[in-house]
Amino acid sequence: MTAIHSPAFFTSLYGYKLCMRINLNGVDSGVGKHVALFVHMMQGDYDNILEWPFTGRIALSIMDQSDGAEYRQHISETLVAKPNLLAFQRPTAPRNYKGYGYVEFAPIEQIRDPQYVKNNTMLVRIQIFH
């Protein structure tokens, strides 16, 4: 049930501050079966000049680390921010308690394949389209 949070990052120079959360053994309906992946809005230095709630698309991927780019099959999902959800409102705490993402992002059995975990390392990518 351990949640791992990424270091914080900004969508642009004066943008929104976010982090990712991964639950390697899943949460809720995916416990023991699926890796869960979420995005959390965070309080940032530029919140006063940004428009709230956050809107846009966010692509999440677990990267295929196989040799030869033409054979790679990243596991990817794209979510669309829903302005009415608490997850995309201006944070009132250092990190919004509510995140948004996928309880069943990828089957744990698939992630165990050597192309997704290489040298005991999994690469996760986030792309923001805002």
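**Exercise 1.** Which residues does D47 touch, not counting residues up to four places away in sequence? Work out also where D47 lies and how its charge is placed.

*Solution.* Keep in mind that this is a predicted model.
- Step 1: Start with the location: D47 sits in the loop between β4 (34–42) and β5.
- Step 2: List the neighbours. Leaving aside residues up to four places away in sequence, D47 touches M42, W52, R90 and P91.
- Step 3: Look for a charge partner. The nearest side chain of opposite charge is R90, 4.4 Å away. A salt bridge needs a side-chain nitrogen of Lys or Arg within 4 Å of a carboxyl oxygen of Asp or Glu. D47 is buried yet has no salt bridge.
- Step 4: Turn to the backbone. A polar atom of the D47 side chain lies 2.9 Å from the backbone nitrogen of G44.

**Exercise 2.** Find the loop that holds S66, then describe its side-chain polar contact with D64.

*Solution.* 
- Step 1: S66 belongs to the loop between β5 (57–62) and β6 (75–80).
- Step 2: The side chains of S66 and D64 are joined by a polar contact of 2.5 Å.

**Exercise 3.** Is L13 buried or exposed, and which residues form a nonpolar patch with it?

*Solution.* 
- Step 1: L13 has a relative accessible area of 64%, so it is exposed.
- Step 2: Together with Y14 and I49, L13 forms a nonpolar patch on the surface, and the three have about 380 Å² of accessible area together.

Key:
Residues numbered from 1 in each chain as written. Predicted model: local features only at pLDDT ≥ 70, side-chain atom pairs only at ≥ 80, totals over all residues. Heavy atoms only, no water. Patch = residues over 30% accessible without salt bridge, like charges linked within 9 Å, V, L, I, M, F, W, Y side chains within 5 Å. Areas by Shrake-Rupley, 256 points an atom, 1.4 Å probe, with all protein chains shown as cover. Buried < 20%, exposed > 50% of the residue type's maximum accessible area, 1.4 Å probe, protein only. Helix = DSSP H or I, 4+ residues; strand = E, 2+ residues; numbered from the N terminus. Polar contact = N/O pair within 3.5 Å; in protein donor to acceptor, adjacent residues only side chain to side chain. Lys, Arg positive; Asp, Glu negative; His and termini not counted. Contact = heavy atoms within 4.5 Å.
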